[in-house]
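Me: Please take a close look at one part of this structure and say what surrounds it. Then go on to the rest in one connected account.

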Amino acid sequence: MNKSTLGEKSFDLLNAAAMIVLCFFTLYPFLFVAFSSLSDPGLLAQHRGMLWKPYGFSLGAYKAVFANPNILTGYGNTIFYVIVGTAFNLIMTALGAYFLSRRNVLFKNAVMLMIVVTMFFQGGLIPSYLLVSNLGLIDTPWAMIIPGAVNTWNLIIMRTAFQAVPVSLEESAKIDGASEWTVLWRIILPLSVPVMAVMVLFYAVAHWNAWFNAMLYLRNRELYPLQLILREILITNSTDNMTTDASGVDKMPIGEAIKYATIMVATVPILVLYPFLQKYFVKGIMIGALKE
Amino acid sequence: MSRSSNSRWITVGRDLKRNKLLYLMALPVIAYYLIFDYGPMYGLQIAVKDYSPGDGIWNSPWVGFHHFIEFFNSYYFWRLIRNTLLINVYELIFGFPAPIILALLLNELRRQVFKRIVQTITYLPHFISVVVVVGMLVDFLARDGVVNQVLSSLGVAPRSYLSEPEWFRFLYVSSGIWQQVGWGSIIYLAALTNIDPTLYEAAKVDGAGRWKQMIHITVPGIMPTVIILLILKMGSMMSVGSEKILLMYNPLTYDTADVISTFVYRKGILEASYSYTTAVGLFNAVIALSLLILSNSVSKRVSETKLW
């Protein structure tokens with residue numbers, strides 16, 4: 001074949017340049033936040049324009065963030081919702097996926113239809129809110145865990161994975177007297193570890209980032225997840241209660257730095273885990289994509 | 001009862017008995033869907049009733065289409081329709097093709113290591129919470145934020161972008177692209193790997209350059225995926241991400257930012273007019289479903305690809 005032409009070479013060059021620009025625009029906001037959070041608040045307030053390194057150095061903002069009782073309880077609550085919520089998600093999704101992956105089970109198609117319908121038509125916000133409220137879930141941690149226990153998309157991904165387990169394995173287990181429960185627990189799940197890992201990640205990230213349900217269903221600040229506290233600090237702009245010990249003049253700059261430190265505190269866990277988790281994330285969306 | 005239906009029930013009974021544990025295992029999931037998905041569908045009836053918590057859903061008095069008519073005649077109706085559709089149309093024009101273009105460009109990268117680095121970086125924002133993303137927007141776009149600082153050094157007068165209605169759609173759509181373009185490209189990259197490599201070999205033999213290969217092999221190869229996602233996108237046209245808008249908008253930008261779902265939240269939850277906003281929500285859901293069905297049948301007719 002002929003070597004690449006001038007046109008192709010310049011395309012390659014332009015393409016690579018475009019990708020570098022894209023990466024810059026994706027990463028720089030995080031870098032800016034990271035540099036700002038480590039900067040000296042006073043110097044940062046005087047600085048104009050983009051940052052390429054921390055301006056001065058101070059951990060004061062982080063100290064203020066970790067001294068804030070709201071952030072600490074928010075963190076604690078979020079960890080609770082992530083762990084308990086994800087566990088509940090997994091149990092429910094696995095039970096449903098197991099049923100739907102069985103051959104020759106009556107009502108399977110009816111159940112599948114019932115589930116798929118909900119992907120296209122739902123009762124909507126107000127009826128859901130009234131339901132959760134009538135069930136007495138408002139202002140309980142369960143409001144963050146029980147509604148949304150099963151994600152239909154994840155259920156279908158898991159069902160597809162379970163179907164891929166060879167029938168002969170479970171048949172021989174059944175001959176040996178294994179119950180359905182044993183088949184799921186001892187045969188299907190151990191052979192579905194990759195997809196289960198993906199499910200853990202999807203559900204856990206969703207719980208970590210959830211705020212809307214919390215805003216709808218929780219009034220008691222003691223139950224607020226981290227994201228709802230973040231919303232107050234970052235968007236409705238109330239850093240005042242964190243800066244009470246700073247004198248009036250210093251309040252503004254440290255308030256800014258606290259915002260940046262808060263973003264870091266809320267994002268670093270995912271940023272740190274991300275490189276390790278990435279292959280699972282990608283695998284997950286691929287499974288979802290290819291089987292539909 | 002005829003004999004055949006009789007024996008059918010016997011079969012069902014036998015199966016239930018034999019597979020008792022399996023059905024018991026499915027029960028919590030079925031109960032979950034009945035309660036949390038079908039329960040709200042039952043609750044939809046308050047759209048044609050005058051719901052009061054004292055009477056409950058079933059006993060509240062009927063009012064027919066009163067709430068619908070009130071909504072159609074209200075000042076908000078056209079504003080909400082316009083905003084909901086415009087934000088979605090912008091997303092369709094700019095947001096939808098972005099991951100396709102990124103996937104095609106990534107596919108043309110020669111160095112695998114470079115490709116993987118770009119992918120890793122561009123997927124990242126997907127995992128950042130929408131609260132943090134909007135928080136960064138608010139901070140960067142503040143009147144003395146970094147964007148205004150940089151622009152003012154270039155001689156552009158500072159503005160409060162998030163308080164100006166004319167900027168809302170641009171900011172909403174572009175920040176959405178920033179967050180989702182990399183993640184969105186994964187599905188197309190997956191579709192690309194399914195294209196038969198011999199097609200490229202054959203094209204090269206026929207003297208097709210990389211541009212021709214892209215137009216005649218790569219693009220048609222991912223077309224079914226594109227169409228499926230387009231149909232799904234049409235189905236979600238009316239349910240634009242209210243979570244992010246709720247975080248981003250403020251009374252100054254309601255004029256361009258308020259969409260049906262944010263209106264439902266504001267009037268319904270904050271002002272407790274449950275029946276009225278249930279009617280608004282139902283109207284929205286019916287249009288969304290119609291759009292989905294319509295786009296699916298159009299796609300069925302013009303191409304082989306369909307959702308069902």
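Reply: Thr256(B) is buried, with a relative accessible area of 10%; buried means under 20%, exposed over 50% and partly exposed in between, with a 1.4 Å probe and protein chains only. The model is predicted, so local features are given only at pLDDT of at least 70 and side-chain atom pairs only at pLDDT 80 or more, while totals for chains, interfaces and linings use all residues. Residues are numbered from 1 along each chain as its sequence is written, chains are lettered from A and ligands numbered from 1 in the order in which they are written, and side-chain values use heavy atoms, leaving out hydrogens and water.

Thr256(B) belongs to helix H14 of chain B, residues 254-257. Helices (H or I, at least four residues) and strands (E, at least two) are DSSP runs numbered from the N terminus. Apart from neighbours within four places in sequence, Thr256(B) touches Asn83(B), Ile87(B), Pro165(B), Phe168(B) and Arg169(B), where contact means heavy atoms within 4.5 Å. With Pro165(B) there is also a polar approach: a polar atom of the Thr256(B) side chain lies 2.8 Å from the backbone oxygen of Pro165(B). Val286(B) is 30 residues away from Thr256(B) along the chain, and their C-alpha atoms are 23 Å apart.

Next, the aromatic rings. Over all chains there are 39 aromatic pairs. Rings of Phe, Tyr and Trp (its six-membered ring) pair if their centres lie within 6.5 Å; planes under 30 degrees apart are stacked, over 60 edge-to-face, and the rest tilted. Phe212(A) and Tyr265(B) make a tilted pair, 5.9 Å centre to centre with 50° between the planes. This pair joins two chains, because Phe212(A) sits in helix H11 (residues 212-217) of chain A and Tyr265(B) in helix H15 (residues 260-270) of chain B. Both partners are buried: Phe212(A) has a relative accessible area of 10%, and Tyr265(B) has 8%. Tyr161(B) and Trp167(B) form an edge-to-face pair, 4.8 Å between centres and 85° between planes. Here Tyr161(B) is buried at 6% relative accessible area, whereas Trp167(B) is partly exposed at 28%. Ring pairs also link a cluster in chain B, made up of Phe71(B), Phe72(B), Tyr75(B), Tyr76(B), Phe77(B), Trp78(B), Phe263(B), Tyr276(B) and Phe283(B).

Then the interface. Chain B and chain A bury about 7,800 Å² between them, with 79% of it on carbon and sulfur atoms. Met25(B), Tyr33(B) and Phe127(B) supply 9% of the area that chain B buries against chain A, more than any other three residues. Buried area is the accessible area (1.4 Å probe) that two parts lose on being put together, summed over both. The contact takes 82 residues from chain B and 90 from chain A. There are 2 salt bridges between the chains, a salt bridge being a side-chain nitrogen of Lys or Arg within 4 Å of a carboxyl oxygen of Asp or Glu. The side chains of Asp12(A) and Arg210(B) form a salt bridge at 2.7 Å, N to O. Helix H2 (residues 20-43) of chain B gives the largest share of the side of chain B that touches chain A, 18 residues.

Finally, chain A. Its secondary structure comes to 13 helices and 0 strands. Of its 292 residues, 51% count as buried.

Technical notes: Polar contact = N/O pair within 3.5 Å; in protein donor to acceptor, adjacent residues only side chain to side chain.
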